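I opened my notebook today to look up a few things in a structure, one entry at a time.

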Amino acid sequence: MTQPSSAGLPAIRRSDFPADFRWGCSTSSYQIEGAAAEGGRGESIWDRFCETPGHIRDGSSGARACDHYNRWPEDLDIARGLGVNAYRFSIAWPRIFPAGTGARCNETGLAFYDRLVDGMLERGLEPWSTLYHWDLPQALQDRGGWKQRETVDAFLAYTDVVTRRLGDRVKHWITHNEPWCTAFLGHHEGVHAPGQKDYRTALQVCHHLLLSHGRALPLIRGNVPGARAGITLSLHPILPASASAADSAAVSRHDGSRNRWFLDPLYGRGYPADVLELLGDLAPVVHHGDFEAIAAPADFLGVNYYFPEVVADAPGEGPIATRVVALPGTERTAFGWPVSPEGMVDLLLRIQRDWAPREVYLTENGSTYDDLVGPDGSIVDSERRSYLARHLQAARRALDQGVPLKGYFAWSLLDNFEWAEGYLRRFGLTYVDYASQRRTLKASGQWYAGFLAT
Ligand code: FCB
């Protein structure tokens, strides 16, 4: 693929967006903090998962990552340098409750996030905190993890402590990041922690994640004056692999399990009947009152948009009987993820039409390419720059068509530990040389800063 030059980028300016638009970048605790054994942090399921050879493609772990736990002032300076006005980060539950729950919380962990949040405020960055970005305390996994309903209570106890402590300064709270990934990558496909492979478990985990979200909302509002709280989902436009009737039926089933399974209960409709029918007795155990709790009104919906999924009918492949296929001729990132800014517009319009959230934030969007460091140390990541510019243009189109889009957070501020891919995938606007921990703003980051300055 030819690299678009800066001149070929779409004309898009910050002033094309409303003045109160949130411009940010996102990170998550396990992916950047490192310092796994510092500050009284307990073991997380990702520490444990990474120990097994074969789980992480380069055999690495987040034990050191970007050493953000120690280098956070420099990282927040980079964010300020970009000109963003918001910063999305996550809190490592095992830093707060090393043993998952109980009477003893870790003051050193709370003090770290105190400093981090103060550092954001000093730099004009509005803190957007995610409570759960996948790093469950291992002690809770030892008792069954998210499969157990008790973990919902443990999450609420953790949420209570954190929101009481930070709620005077942090007003934006995201309960969960991408429950689909936690549930299905972690408990069905087994490629994420805790590495289980059981469909029924994945569905029960999913139910408990949604329940814990809904039950956390009133708690957050009680503890945080002026709180704005919601959840972040990974959502995809779903397209058929062919014009056949079988593939179009596959689209509906796949959409049911990928998108509607989350949005329907969050917006008060319970689980979609067509998917429940396919699941039969695999369906999760739901207690009386759970759906009312899950549907607690949220202030916003967080959408992580990366790519559309093209699906084909696949009889015999699990209860949903679909397979994600790669259409030839599609532009892709180095990860193989299709690039489709238009897909983002379609997705946002569809969400608006079918569920009408009060406010929508793109809480993640970004891409990975094989960044090459030039002889002068610069990283000219033209493809990522183009990806970013084209998706911002798509965000503008969604606004024009009436989507109540209120903000955009680029994934990610820094290259970081990309889960099962280890350090092989770089998503940062900033390059991290892991050996020296030197940070270098890439051309994409420079472009974002230039855009934000218009
Ligand atoms: C999302 C995750 C985030 C990051 C990006 C690339 O699914 O939320 O942590 O790994 O993908």
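Which residue just after α3 takes a positive phi? I looked, and G83 does, at about 90 degrees.

**Ground rules.** I am working with a predicted model, where local features need pLDDT of at least 70, side-chain atom pairs count only at pLDDT 80 or more, and totals for chains, interfaces and linings use all residues. Residues are numbered from 1 along each chain as its sequence is written, and side-chain values use heavy atoms, leaving out hydrogens and water.

**Helix α3.** I noted that helices are DSSP runs of H or I with at least four residues, strands are runs of E with at least two, and both are numbered from the N terminus. Helix α3 covers residues 68–82. Buried residues (under 20% relative accessible area, with exposed over 50% and partly exposed in between, using a 1.4 Å probe and protein chains only) of α3 include W72, D75 and L82.

**Helix α13.** Among the buried residues of α13 are P341, M344, R350 and Q352. The buried residues of α13 pack against α10, β7, β10, α14 and β11. After α13 comes A356, with a positive phi near 50 degrees.

**Q141.** Why does Q141 count as buried? Because its relative accessibility is 10%. Q141 sits in helix α6. Beyond neighbours within four places in sequence, Q141 is in contact (heavy atoms within 4.5 Å) with I45, L136, P194 and Q196.

**Cores.** A nonpolar core is a set of buried Ala, Val, Leu, Ile, Met, Phe, Trp, Tyr and Cys residues joined through side-chain atoms within 4.5 Å. The largest has 123 residues, and W46, W93, W173 and Y448 have the most contacts inside it. Helix α9 gives the most to this core, with eleven residues. Another core, of seven residues, lies apart from it and includes W411 and F427.

**Ligand.** I listed residues around the ligand (a heavy atom within 4 Å), and among them are Q31, E178, W411, E418 and F427. An N or O atom in the Q31 side chain lies 2.7 Å from a ligand oxygen atom. For the E178 side chain, I noted 2.5 Å.

Methods. Expected span 1.5 Å × (residues − 1). Polar contact = N/O pair within 3.5 Å; in protein donor to acceptor, adjacent residues only side chain to side chain.
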